[in-house]
Amino acid sequence: MVLQEFFNDNVKVHNHAVNGRSSKSFMTEGRWKAVMDSLKKGDYVIIQFGHNDEKADTARHTDPFTTYKELLKFYIEESRSKGALPVICSSIVRRHFDADGNLKNTHGDYIIAARQAADENGAYFIDMEAKTRRLVLDAGREGSKSIYLFCKPGEYSGRPNGVQDSTHLSLSGARIVAGLFTDGVKELKLPVASSLK
């Protein structure tokens, strides 16, 4: 949602992400069609799923090394058919600490599968799980709360009962994570990096 802030006027970010969707449900609900209809040669398509692919319900669930990878391959090939450049991103880390202060691996094989799908299909890959894992570990159990949606009852009008959400980002957290993504863009030396502020 905040990625546009990092680019100059040469780049226009179109955010098609929808809360709660998996690689499967995003396609079956017809949401991918809107992406395809808008694509032009030279566009970048940032593809990041996994959080909801883990869900048990049949509308969203995919298996990491079969249906998930197949769907990522589909998105890569479809993007390329329009002359666009697909960029696969792994899911960001959840702020789930164990008793020893280590972050749990809540995404399992989806992180590995995302990298494999990118490698096997010659797509760009940014390991957002690794980048955000370092960020959260450096911030620590308490400090990392500011990255995610944590507020007390009455503190924020949009969340009158308060919230403790270790999956979704706060606005400041979103800006930090978007910055980590742009670090990945620079590391890959993508041509669009020349349009970063």
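Strand E2 (residues 85-89) is joined to E3 by three bridges, and the two run parallel; helices (H or I, at least four residues) and strands (E, at least two) are DSSP runs numbered from the N terminus, and two strands pair if DSSP finds at least two bridges between them. Within this pairing, Phe125 of E3 is the bridge partner of Ile88. The model is predicted, with local features requiring pLDDT of at least 70 and side-chain atom pairs counted only at pLDDT 80 or more, whereas totals for chains, interfaces and linings use all residues. Residues are numbered from 1 along each chain as its sequence is written, and side-chain values use heavy atoms, with hydrogens and water left out.

The open sheet comprises three strands in the order E1-E2-E3, with parallel pairing. Strand E1 (44-47) and strand E3 (124-126) are the edge strands, each pairing on one side only.

In helix H2 (residues 31-38), Trp32, Val35 and Met36 are buried, where buried means under 20% relative accessible area, exposed over 50% and partly exposed in between (1.4 Å probe, protein chains only). The cover over the buried residues of H2 includes helix H1 (23-28), E1 and H3. The exposed residues Lys33 and Asp37 lie on the face of H2 turned away from its buried side.

Lys69 is located in helix H3 (residues 64-81). Lys69 counts as buried because its relative accessibility is 14%. Residues up to four places away in sequence aside, Lys69 touches Asp63, Pro64, Ala113, Gln116, Ala117 and Glu120, contact meaning heavy atoms within 4.5 Å.
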